[in-house]
Protein chains: 2
Amino acid sequence: MQKTDYQLIIIGGGPAGLTAGLYAARARLKALLIEKGAAGGQVLTTDWVDNYPGFIEGISGFDLVGKFAAHADRFDLETRNGEIVSLDLADPVKTVHLESGESLTTQSVILCTGASPGKLGIPGEQEFSGRGVSYCATCDAPFYRNQEIAVVGGGNTAIEEALHLTKFADKVTIIHRRDELRATRIIQEKAFANDRINFVLDTTVQEIQGGTKGVEQLLLKHTDGSSSTLEVSGIFILIGVVPNNSILPKGELELDEWGFIRTDTEMATNLPGVFAAGDIRSKNARQIINAAGEGATAELSAEQFLSNLK
Amino acid sequence: MQKTDYQLIIIGGGPAGLTAGLYAARARLKALLIEKGAAGGQVLTTDWVDNYPGFIEGISGFDLVGKFAAHADRFDLETRNGEIVSLDLADPVKTVHLESGESLTTQSVILCTGASPGKLGIPGEQEFSGRGVSYCATCDAPFYRNQEIAVVGGGNTAIEEALHLTKFADKVTIIHRRDELRATRIIQEKAFANDRINFVLDTTVQEIQGGTKGVEQLLLKHTDGSSSTLEVSGIFILIGVVPNNSILPKGELELDEWGFIRTDTEMATNLPGVFAAGDIRSKNARQIINAAGEGATAELSAEQFLSNLK
């Protein structure tokens, strides 16, 4: 085996990457975690995490990810901040090219670059994020008990999550820019049959408005040119997630049609020595707990791969 | 859709089952978790958990699983204690048959029955079980204060437990059939540095011998063909796990060659509406964090399955 700078490089410092890092550090691998910004990934934008098992009363996303980072640090995981410009992953010696001009070589890689919520890009969206603007119904639904809320989107996730939200909210208005939903018929039928769900089709949200307590109303524009307002205390923007895949070698690495990385059940990609975990994977459920679990699985697969190298 | 008692029944109350239960309760499914004994699974027999992300300084297995159970309970997960005798999983309406004679119907099932310690299957093992033969260092270590004992195995669990046993026993001999340990490097290093631990590699135990007071000595066979005896008053057999699959419908459900349940990356088994998570799955890495992650993934897959039912 050719000499490399590292045995394992983990790319991304969200729950998947930090868990892989915790495991790698405990295994005494020569491992490095590279994160371009603050450690944490999408969790940082999650106001309150109520469903990470073990934190019975919930914990803020900020605090949870701080604990993940401190936990990996306790075992002396080497980390660095840096922007990656490209990756060579097909050969036995894999190379990570940094914006600084430096290149690092490694025998194995775990890709944990994550995903980002599709955004509307409208006024108020950023301002009220975490204060009425949410991108995750599973995470935040219970906060809207007996309230009136909106869901933006027309796909399976949006409609399923709208149905889910009716268990909590009194009234859920689904806002969709087209004249019909994209969701599977049976899911649509359930939504049509649910008297807590209203539909406002042919409509886009122009602006999210509110005050110190959070979201208060939405400015809507209809395709006939007219405008209106809708009073809600929450808006769930469920127009899909986009993979953070800009640095991935798309010709080499097998992706699904939306650009997420395909893996097997052990988190192996199509390239030997290259694994993926967390939201960048092609999968249905994007949760903190399964991102972390996949990070552990990926690291143990990487250890097994390394132990089989000459 | 035919009427059933539940939308989802979760079988097993370890980290996978309790996480699935936490998610199901938050999703307001009509869900039930059935556990035959105390909630917790194998975690209950784990002295100290240092790698469940978020608990920076580690936590006892007992306390961690207590938090999992309390977390699910906070969202009012319905649970019951009961021994299951058989399962009908092939039809749209699935049936759980309890020892009490009662049968419960459900639209979907998540199997989290876990795994149990592997046995050597040698003379004396059964005879001296509980009288010097143990499969759980956490449970039995205090009985061996100031005595000489053996640990069989070379993986993480075996070496970690051997380290734990040195807090009680004067001398711990690790017996492993190969010429090197399989455990993670950091754990190996700790064992090598501990002067109460001896290593006997390339060696198997042929027989466990003793008298009315319990275990007295082991007959060992070395790979060079020679034999020897080792005087000990206890032997901890820590050689891996076997699936808890006795209640599974083996003709219907696809298992791997060792009897673990095969799933896809979304935790779906070959049977529609039947999912699996945790140590009962066919997989390489059996960790608390990935069991929990799989529990969440399985529950969200079950939700999606249910939402597509007529």
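**View 1. The bridge partner of A:Ser134 in strand 17 of chain A is A:Phe236.** The model is predicted, with local features requiring pLDDT of at least 70 and side-chain atom pairs pLDDT 80 or more, whereas totals for chains, interfaces and linings use all residues. Residues are numbered from 1 along each chain as its sequence is written, chains are lettered from A and ligands numbered from 1 in the order in which they are written, and side-chain values use heavy atoms, without hydrogens and water. Strand 10 and strand 17 (residues 234-237) of chain A pair in the parallel sense over 2 bridges; strands count as paired if DSSP finds at least two bridges between them. Helices (H or I, at least four residues) and strands (E, at least two) are DSSP runs, numbered from the N terminus.

**View 2. The open sheet of chain A has 5 strands in the order 10-17-11-12-13, with parallel pairing.** Strand 10 (133-134) and strand 13 (197-200) of chain A stand at the edges with a single partner strand each, so one side of each lacks a neighbour in the sheet. Helix 4 (residues 156-165) of chain A packs on the sheet and touches strand 11 (148-152), strand 12 (171-175), strand 13 and strand 17. The direction of this helix makes about 170° with that of strand 11 of chain A, where axes are lines fitted to C-alpha atoms, for helices over the stretch in contact, and angles run from 0 to 180 degrees between N-to-C directions.

**View 3. In chain B, strand 11 (residues 148-152) and strand 12 (residues 171-175) pair in the parallel sense over 5 bridges.** B:Val152 stands opposite B:Ile175 in strand 12 of chain B. Helix 4 (residues 156-165) of chain B runs at about 165° to strand 11 of chain B.

**View 4. In the interface, 50 residues of chain B are in contact (heavy atoms within 4.5 Å) with 51 residues of chain A.** The buried area, meaning the accessible area (1.4 Å probe) lost on putting the two parts together and summed over both, is about 4400 Å², of which carbon and sulfur atoms give 53%. B:Arg26, B:Arg28 and B:Ile56 supply 16% of the area that chain B buries against chain A, more than any other three residues.

**View 5. A:Arg28 and B:Glu189 meet through their side chains in a salt bridge (2.0 Å, N to O).** A salt bridge places a side-chain nitrogen of Lys or Arg within 4 Å of a carboxyl oxygen of Asp or Glu; the count between chain B and chain A is 6.
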